[in-house]
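Welcome! Please take a look at the sequence and the 3D view, and then we can walk through some of the parts together.

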Amino acid sequence: MNNFDFQCSTKMIFGKDTELRVGEELRKHGATRVLFVYGGSSIKKSGLYDRVIKSMTDAGLVYDELPGVVPNPRVSLVRKGIEICREKNVDFLLAAGGGSTIDTCKSISFGVYYNGDVWDLISGKAMPGDQRIPVADILTLPAAGSEESDSCVVSDETISVKAGFGSPLMRPVFSIMNPELTYTLPAFQTACGCMDMMSHAMERYFSRTENVEMTDRVTEAILVTVIHNLPIVLEKPDDYAARAEIMMCGTWAQNDMTGCGREQDWFNHVLEHQISGYYDIAHGAGLAISTPAWMEYLCEKPECLPKLTQYAVRVWNVEMNFENLKETAMEGVRRLRRLLRDAGLPQSLHEVGIGNEKFEEMADHMTCDGTVTCGNFYKMTKQDILELLNRME
């Protein structure tokens, strides 16, 4: 196990009707003027919008609104939010939604104090400072884990680039998590969210760091819990117990608790950001295509088999075949593919209308024109990435 620092200061407010406390919590944390950020009409149809507005009004808070967040959130809306915050002297940001809404708020939070274009921060051209507007959230889509994470991802649609940045100050001050708010999610969004949280767990799990038994076991528990509960909520969307388990898994998979003391991989997220940056597909759908294909590719690498077989045995209850480790590992991949297929997620780029015309460009971006590798569990060269993309087609 490697040395590590870990601090997660987000207050988790979990359970039924907890969104009614949002005004009280904002006031408790010093808010006076709030920018309320959300997506489209869904929070109005569900009644969440009215409950949040009433709670803030009852708490004596002044608020402004920024609707219009979309999946793969846009830097153009971030810029608009920065302008509002500066003009209105906003001192707190409140996101109602999933990772896209929270990440929009996180980018606004630091962009307000940056003397330049916020894309400099998002793209890594400049580093975030130590000033930001505090962020809180009401989670309605468990997936990205942004409700407790120290990072965010935003797209610039004008150049087809998806990028992100992080800071220890980026974790939300508090996160309101009511599983009931996820009952009306479409099945596809629910499945995409579960794939995203599973990927967050696996990006940390597939590591060459030795003696990380405790975090391995916690990660396996997260994966097993999602695998068990995803079919339940797809069959019965208002199953509170199953929704609650999934919501907790999404948070714990990404607050970096399971990343403590270990080298992490993140190849599949880098690859998927290329795919959705160009083609604007759902993040979880892209991960559902890339992750099993990546695993299959690594089943051909003997140095990767010990961890891949451990995953198959512990997560999927595959019987260990000591005479054929590759077959053990491949059975784990087959069971993952079956879960994702049954959940309605795509299995190939062709299924989402993506061809091979950008493969070379993607591989160049990921490897700085072939000069570096990508990922840590197995260091993928440009040629590896091109071969993998062709298998995904």
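What follows is a short tour of a sheet, some helices and a few loop residues.

## Before we start

This is a predicted model, in which local features need pLDDT of at least 70, side-chain atom pairs count only at pLDDT 80 or more, and totals for chains, interfaces and linings use all residues. Residues are numbered from 1 along each chain as its sequence is written, and side-chain values use heavy atoms, with hydrogens and water left out.

Helices (H or I, at least four residues) and strands (E, at least two) are DSSP runs, numbered from the N terminus.

## The sheet

Let us begin with the strands. Six of them form an open sheet with parallel pairing, in the order β1-β8-β5-β4-β2-β3; two strands pair if DSSP finds at least two bridges between them. At the edges are β1 (11-14) and β3 (62-66), each of which pairs on one side only. From one strand to the next, the twist averages 20°.

Within this sheet, β4 (residues 92-97) and β5 (residues 135-139) pair in the parallel sense over five bridges. Leu94 has Ala136 in β5 as its bridge partner.

## Helices on the sheet

Helix α5 (residues 99-111) packs on the sheet, where α5 touches β2 (33-38), β3, β4 and β5, and its direction makes about 165° with that of β4. Helix α9 also packs on the sheet, touching β1, β5 and β8 (174-177), with a direction at about 170° to that of β1. Contact means heavy atoms within 4.5 Å. Axes are lines fitted to C-alpha atoms, for helices over the stretch in contact, and angles run from 0 to 180 degrees between N-to-C directions.

Thr104 counts as buried because its relative accessibility is 0%; buried means under 20% relative accessible area, exposed over 50%, and partly exposed in between (1.4 Å probe, protein chains only). Leaving aside residues up to four places away in sequence, Thr104 touches Val37, Val69, Pro73, Leu77 and Val78.

## Helix α10 and its surroundings

Helix α10 has 13 residues and reaches 18 Å from its first C-alpha to its last, close to the 18 Å expected at 1.5 Å a residue. The expected span is 1.5 Å times one less than the number of residues in the helix. Mostly covered, α10 has 11 of its 13 residues buried, including Phe267, Leu271, Ile275 and Tyr278. What covers these buried residues includes β6 (151-156), β7 (161-166), α7, α11 (283-298), α14 and α15.

How do α7 and α10 meet? The axes of α7 (residues 187-205) and α10 come within 9 Å and cross at roughly 135°. The two helices are therefore oblique to each other: angles under 35 degrees count as roughly parallel, over 145 as roughly antiparallel, 65 to 115 as roughly perpendicular and the rest as oblique. In this contact, Asp196, Ser199, His200 and Glu203 of α7 meet Phe267, Asn268 and His269 of α10.

## Positive phi values

Trp266 sits in the loop between α9 (240-254) and α10 (267-279), and has a positive phi of about 70° although it is not a glycine. Trp266 is partly exposed, with a relative accessible area of 23%. After α10 comes Asp280, whose phi is also positive, near 55°.

Cys368 belongs to the loop between α14 (359-367) and α15 (382-392). Its phi is near 50°, a positive value in a residue other than glycine. With a relative accessible area of 47%, Cys368 is partly exposed.
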